[in-house]
Amino acid sequence: MFLRTSSRRRAAATLATACALAVTLAGCGGTTKKDSDHNSGGGAKATDAKADPGAPLKKGLKLAFLPKQINNPYEKIVDDAGIAAAKEFSGEGKEVGPSDASASSQVSYINTLIQQRQDAILIAANDPNAVCGPLKQAMKKDIKVVAYDSDTAKDCRQLFINQASSEEIGRSQVQHIAEQLDYKGEIAILSATQNATNQNTWIEFMKDELKKPKYKNMKLVKTAYGDDDDQKSFQETQGLLKAYPDLKGIISPTTVGIAAAARYISGSSYKGKVVINGLGTPNQMRKYVKDGTVEQFSLWDPKKLGYLGSYAAAALASGQITGAEGEKFKAGKLGEYTIGKDGEVILGPPTVFDKNNIDDFDF
Ligand code: RAM
């Protein structure tokens, strides 16, 4: 299911709330930019060109996907789908990127992509600011910049393809674990890296959700960072359970983190006693759902995220859109999308997976 106009309006309002909450996040425009640096409410202004909605998609477009890290199965699904989509409009896609998700690990890749004169760079930013300078250089050279999955600052890209409403992702993770715990007990978060724009935005919403009176008997004791590294996430899970003997649940809003946490818990005496919930891929989580370690988790369809990103980049590079709010483009078989506030395009609501539906999904 995909959001149509009214839900996109809601999504735009959601982002505004996200930014009000996460004022420290540069991804929400927290950088000190003059108004003249922006176009009317959209993402970065690369040229003064007007959108030509009737322009055909150019053939032979070169799109480069730069994920948080290349050895993350989730990012691979997104990028492979984006690369496959490029073939539909006779474009050429590729994936390049670092093997770790640290703040500046993507910078040298951006510089190389500029030298190669790609038509568009699609980036899942490891840090809202570290990649900004090089991305601005790219836009100056008329290379289109589309953030997906994890945003950079809004003036450092033309569009942000968000997998779902950030508010919905954040709040629903608290709502789900609270129901599982009967609204009682200590919980912890096992996140990705400390700088990740997407996880940090979601965590702000989790904390805000926890302020509601219905959660008064629940306490967030710690946010740990597994850096989207399997081993580190495994060890951080072990550390959390040791340090907080009364811990009743862990929310891990990262596919790498939740899989590692589930693996640790499934082989420990905590199995069946500590609830783990968060964001995971069905293929990585299936065995933990089947063995009873995990009751449920959520995610969106990563293939659709890559597909939408690819079409958005092609629409930008073909002059159909410029990234301004209200512009529309067609994303192949997914249909038409409208650009929201600050250049945000929202894919759709997440799916909740459990033992009843997990075998219907294969990604
Ligand atoms: C990990 C990454 C990614 C995030 C998913 C849910 O794969 O941190 O950015 O969107 O988890």
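1. The largest nonpolar core has 78 residues, and Leu 159, Ile 161, Leu 308 and Phe 329 touch the most other members. A nonpolar core here is a set of buried Ala, Val, Leu, Ile, Met, Phe, Trp, Tyr and Cys residues joined through side-chain atoms within 4.5 Å, buried being under 20% relative accessible area with a 1.4 Å probe and protein chains only. Helix α10 (residues 302-317) gives the largest share, 10 residues. Because domain 1 (7-163 + 301-348) and domain 2 (166-299) both contribute residues, this core lies between them; the domain bounds come from an automatic or database assignment. Apart from it lies another core, of 16 residues, including Ile 121 and Met 139.

2. This is a predicted model, in which local features need pLDDT of at least 70 and side-chain atom pairs count only at pLDDT 80 or more, while totals for chains, interfaces and linings use all residues. Residues are numbered from 1 along each chain as its sequence is written, and side-chain values use heavy atoms, without hydrogens and water.

3. In helix α4 (residues 132-140), the buried residues are Cys 132, Pro 134, Leu 135, Ala 138 and Met 139. Down the axis of α4 they fall within an arc of 165°, so they line one face of the helix; the arc is taken from the directions from the helix axis to the C-beta atoms. They pack against α3 (107-115), β3 (120-123) and β4 (144-148), with contact meaning heavy atoms within 4.5 Å. Helices (H or I, at least four residues) and strands (E, at least two) are DSSP runs numbered from the N terminus.

Terms used. Buried means under 20% relative accessible area, exposed over 50%, partly exposed in between (1.4 Å probe, protein chains only).
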